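Dear colleague,

I am passing on the structure below, together with my notes on what was found in it. Please read the notes with the coordinates open beside them.

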Amino acid sequence: MQSFNPPVRTLMGSGPSDVHPRILSAMAKPTIGHLDPIFIAMMDEIKEGLKTIFKTDNKLTMPISAPGSAGMEACFTNLVEPNDKVIICINGVFGMRMKENVTRLGGKAIIVKDNWGEAISTDKLEHALKNNPNANIVAFVHAETSTGAQSDVKTLCKLAHQYDCITIVDAVTSLGGTELYVDEWEIDAIYSGTQKCLSAMPGISLISFGKRAIQKLNTRKTSVNSWFLDLNLIMNYWNGDSKRTYHHTAPVNMLYGLHESLVMILEEGIENSWVRHKKNHELLKNGLEAMNINFLVNKKDRLPQLNSVLIPKGFDDEKIRSILLNDYNLEISAGLGAYTGKIWRIGLMGYSSRKENIVLCLSALKEILRK
Ligand SMILES: *Cc1c(COP(=O)(O)O)cnc(C)c1O
C-alpha cells in the first residue's frame, strides 16, 4: 500500500461540497481526550453555535457522531414507537427513507405523495390529517436534494400542530443555504448534516429537539430501539452539566472541523450565508439559461444550493459528467429515480457556493456542449 493522494476536485454535486481549507487544517490539529476539560468546553461552544444557526433556544441541540442519515435515524428512533401513525410527505428520495425508518420501527407510515420536483402540497397534508385523526407525527424534507425543491416548513408545521401532531423535519441540505427558523416555525425535531451548506467534512449530523418532541420522548411506553442513538444516553454525554458520562468516543478531530465551520458561518452571519447562496444561484441560473439549459423546479420553489437542470436533448448524461470530472476536475450529480439521465444536479453549497466555481462550471459545460 501507498499513501493516498486524492486529486483536487471542485465539488458541485449533491454533497459532499468543498471543505474549506480552514476546516481541513482545524481537523489536522492534535487529538486530545474526549473527556479533556478543554475538549468539553469546545463541545459547549459547538452546542451554542448550533443553536444560533438553527435559530433556536432548544437546550437539546447537539451533534451526533455519524452522517446526516444518523440524524434522521436519531429523530425517528427516539420519537416513533410501535403503532404510532406517522404521516410522511414524500416528494423525493429522502422522504422515502423516512418511510423506511418508520416501518422498521413498527410504526404505521401514512404516505402523502407529491410530485418529484415540486414542493410538498399543504392541501394534501391537510386532507391526510383530516382522514387520520389518530396520527401523531408529521415528517417531511425541507430541501429535497434529489430534485432541488424546497417546501414551506412554517405552514406545514402549523397545520400539523392544528391536528395535534409533532413534526420531524429534514434540514440536511437547507441548513446554512436557505432560510430556516426552528423556533419561529415551531419545528419540533430537526436534523441536519455537516457536508452540505456548512462547508465541512461529511460524517457528522446535527439535531435539535423542542418541548413537544422531548415530551414525546419522555412519555414513551417502550424503550428506544437503539442503544447508540438513544438520546436519553447521549444527552448525559453532551449535556451532563457538571459531570459527563462516557457514552462513545467522540470523533474528536471531526468536531474540531465542525467547530471551525460554525466559527466561519458566524463570522459571515447566517443571514449573509443565505444571501450568498441566493446570489450565486442567480449567477449560475443566468449563465445556464443563456445556454438554453432550463430548470426542473418552478422558480418559486427552487433551492439556491441545489440546481436541477434538464439535460439538453441529444447529450449523454454519463459521458458529459465523466468529461467534467476527468478533464475539469469538476463533479456534478446525476438525476435519481425517474430523473436518471434526464437531469443534472448542480450544487452550490457552503464553500462550493463561489463565483469562480460558477465560472468554471459554465465555461466547462459550454466547451463540452459545443464539441
Ligand atoms: C445528504 C442528505 C441526507 C443524508 O446525509 P448523509 O450525510 O449522506 O447521511 C439526508 N437528507 C437529505 C435531504 C440530504 O440531502
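The side chain of arginine 345 reaches the backbone oxygen of threonine 145 at 2.8 Å, in what is, please bear in mind, a predicted model. Arginine 345 belongs to strand 14, which covers residues 343–347, and because its relative accessibility is 5%, below the 20% limit, arginine 345 counts as buried. UniProt, in an unreviewed entry, lists Arg345 under "binding site".

Threonine 145 turns up again around lysine 196, whose contacts, leaving aside residues up to four places away in sequence, are Ser14, Gly15, Ser17, Thr145, Val172, Thr173, Met349 and Gly350. Lysine 196 sits in the loop between strand 9 and strand 10 and is likewise buried, with a relative accessibility of 6%. The unreviewed UniProt entry gives Lys196 as "modified residue: N6-(pyridoxal phosphate)lysine". Gly15, one of the residues that lysine 196 touches, is joined to proline 16 by a cis peptide bond with omega at about 0 degrees; proline 16 itself is placed in the loop between strand 1 (10–11) and helix 1 (21–27).

Turning to the sheet, seven strands form an open arrangement in the order 2-10-9-8-5-3-4, with mixed pairing. Strand 2 (60–64) and strand 4 (108–113) are at its edges and have a single partner strand each, so one side of each lacks a neighbour in the sheet. On average, and with direction ignored, neighbouring strands here are turned by 20 degrees against each other. Strand 3 (residues 85–90) pairs with strand 5 in the parallel sense over three bridges, and the bridge partner of valine 86 in strand 5 is isoleucine 137. Helix 7 packs on this sheet, where it touches strand 2, strand 5, strand 8, strand 9 (189–193) and strand 10 (205–209), and its direction makes about 110 degrees with that of strand 8.

Which residues of helix 6 (residues 153–162) are buried? They are Val153, Leu156, Cys157, Leu159, Ala160 and His161, and these buried residues pack against helix 5 (122–131), strand 5 (137–141), strand 8 (166–170) and helix 7 (211–218). Aspartate 164, which follows helix 6, lies in the loop between that helix and strand 8 and has a positive phi of about 55 degrees although it is not a glycine. With a relative accessibility of 69%, above the 50% limit, aspartate 164 counts as exposed.

A positive phi is also found at asparagine 83, where the value is near 75 degrees in a residue other than glycine. Asparagine 83 is located in the loop between helix 3 (68–79) and strand 3, and it is exposed, its relative accessible area being 68%.

Finally, there is histidine 248, in the loop between helix 8 (231–238) and helix 9 (252–268), which is buried with a relative accessible area of 11%. Its side chain makes a polar contact of 2.7 Å with the side chain of serine 65. When residues up to four places away in sequence are not counted, histidine 248 touches His34, Ser65, Phe228 and Tyr237.

Note on methods:
Residues numbered from 1 in each chain as written. Predicted model: local features only at pLDDT ≥ 70, side-chain atom pairs only at ≥ 80, totals over all residues. Heavy atoms only, no water. Buried < 20%, exposed > 50% of the residue type's maximum accessible area, 1.4 Å probe, protein only. Helix = DSSP H or I, 4+ residues; strand = E, 2+ residues; numbered from the N terminus. Contact = heavy atoms within 4.5 Å. Polar contact = N/O pair within 3.5 Å; in protein donor to acceptor, adjacent residues only side chain to side chain. Pairing = 2+ DSSP bridges. Axes fitted to C-alpha atoms, helices over the stretch in contact; angles between N-to-C directions. UniProt positions renumbered as here; feature names shortened; annotations may be inferred.
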